[in-house]
Amino acid sequence: MPEFVTRKKTVRFIAIMVIFAALIVLALIISMNTGFIRLSPLEVMQTFFGGGTAKQQLILFEFRLPRIVLSLLIGAGLATAGAILQGISRNALADPGILGINAGAGLMVIVYISFFPAKESASVALMPFLALVGAAATATIIFLLAYKKGQGTSPVRLILVGIAIAAAISAATVVLSLRLNPQNYQFVAIWLAGSIWGSNWTFVLSLLPWIVVLIPLTIMKARVLNILNLGDQLATGLGTSIAREQIWLIAAAVGLAGSCVAAGGGIGFVGLIAPHIARRLIGPAHQFLLPISALAGASLLLVADTLGRTIMQPTEIPTGIVVAVIGAPYFLYLLAKSKA
């Protein structure tokens, strides 16, 4: 019987993966065809396979495709980070944005661009590392303040401390942004709204190693997350070093969130919504949950970015606002259902 259940779950997992992959391909095709300058499906296909005019090649390969790839990478990274934090804290409301980790990464990026041009190649390559420093410092402060000797980290305390820290960092961010010159201020305003602003291949290459390395390593730790979900006492009884594993997993979540924030700005709620979608589809087992969360986050952000570019043409709605329109009501729904 257990073998049958496992086989059935695996088949379901593969089917869901195929469905999400098909959704991403469909969204990718639509996204390549939409924009201020229209390209018909035939023109896109011709350009994609080496044909098309120089203008069409510029639009597709230098503007649209980098942004599409960035949306997929950022969505997958934020979703995986959210799934890790929810698994570690056993808190359905945990998310890099809500806990203030995104805000910490963003503050460090804004401090940096106050002194250096944000779109130079050297600056772009360094930004994920600086965002990681800001995210790591914020995560350390939050978990230290939320930790209580003998009781560990309370889910409610974690959320409340995270919200308070995020508010303080947001205030500091506003103060810093007021001191910027008009050009940098405009950039920061767009960035804070959650725009996929780094729409070139330099940003893709700077983010890609973080996603390619950290997501597979996290999936390899799925068994540890499953054990941590059983509770600290049982996890210790099974021989798991809770503190060491939590530190490693938190570092992975911070690395994913920080690098994604550096490239995508203040996009929230992806790390909250995508793991919940995955959990409803496949259940709590992290060997299935993490890959499905990554695909759900990637498809969610690509769809949101495509909608943001097309709803009010020629004006563009930042992707973070589109996600927030979906995510804020869902967060309130989860908060109402929470027993914590």
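Visitor: Leaving aside neighbours within four places in sequence, which residues is Gly77 in contact with?

Guide: Ile211, Ile215, Leu256 and Cys260. Contact means heavy atoms within 4.5 Å. This is a predicted model, where local features need pLDDT of at least 70, side-chain atom pairs count only at pLDDT 80 or more, and totals for chains, interfaces and linings use all residues. Residues are numbered from 1 along each chain as its sequence is written, and side-chain values use heavy atoms, with hydrogens and water left out.

Visitor: Why is Gly77 called buried?

Guide: Buried means under 20% relative accessible area, exposed over 50%, partly exposed in between (1.4 Å probe, protein chains only). Gly77 has 0%, so Gly77 is buried. Gly77 lies in helix 3. Helices here are DSSP runs of H or I, at least four residues, and strands are runs of E, at least two, numbered from the N terminus.

Visitor: How far apart are Gly77 and Trp210, in sequence and in space?

Guide: They are 133 residues apart in sequence and 8.6 Å apart in space, C-alpha to C-alpha.

Visitor: What makes His276 count as buried?

Guide: Its relative accessibility is 9%, therefore His276 counts as buried. His276 lies in helix 12. Beyond four places in sequence, His276 touches Gln86, Ala92, Tyr330 and Leu334.

Visitor: Which residues of helix 14 are buried?

Guide: Among them are Val322, Val323, Tyr330 and Leu334. Their cover includes helix 3, helix 12 (270-282) and helix 13 (286-310).

Visitor: How do you know what span to expect of helix 14?

Guide: The expected span is 1.5 Å times one less than the number of residues. Helix 14 (residues 319-337) has 19 residues, and 27 Å is expected. From first C-alpha to last, helix 14 reaches 27 Å, close to that value.

Visitor: Where does helix 14 bend?

Guide: At Val325, by about 30 degrees. The bend is the angle between axes fitted to the seven residues ending there and the seven starting there. Pro329 follows within four residues.

Visitor: What makes a set of residues a nonpolar core?

Guide: Its members are buried Ala, Val, Leu, Ile, Met, Phe, Trp, Tyr and Cys residues joined through side-chain atoms within 4.5 Å. The largest such core has 103 residues. Leu70, Ile74, Ile84, Leu207 and Val270 touch the most other members. Helix 3 (residues 54-89) gives the most to this core, with 16 residues.

Visitor: Which residues does Leu207 touch, not counting those up to four places away in sequence?

Guide: Leu70, Leu73, Ile74, Ser259, Cys260 and Ala263.
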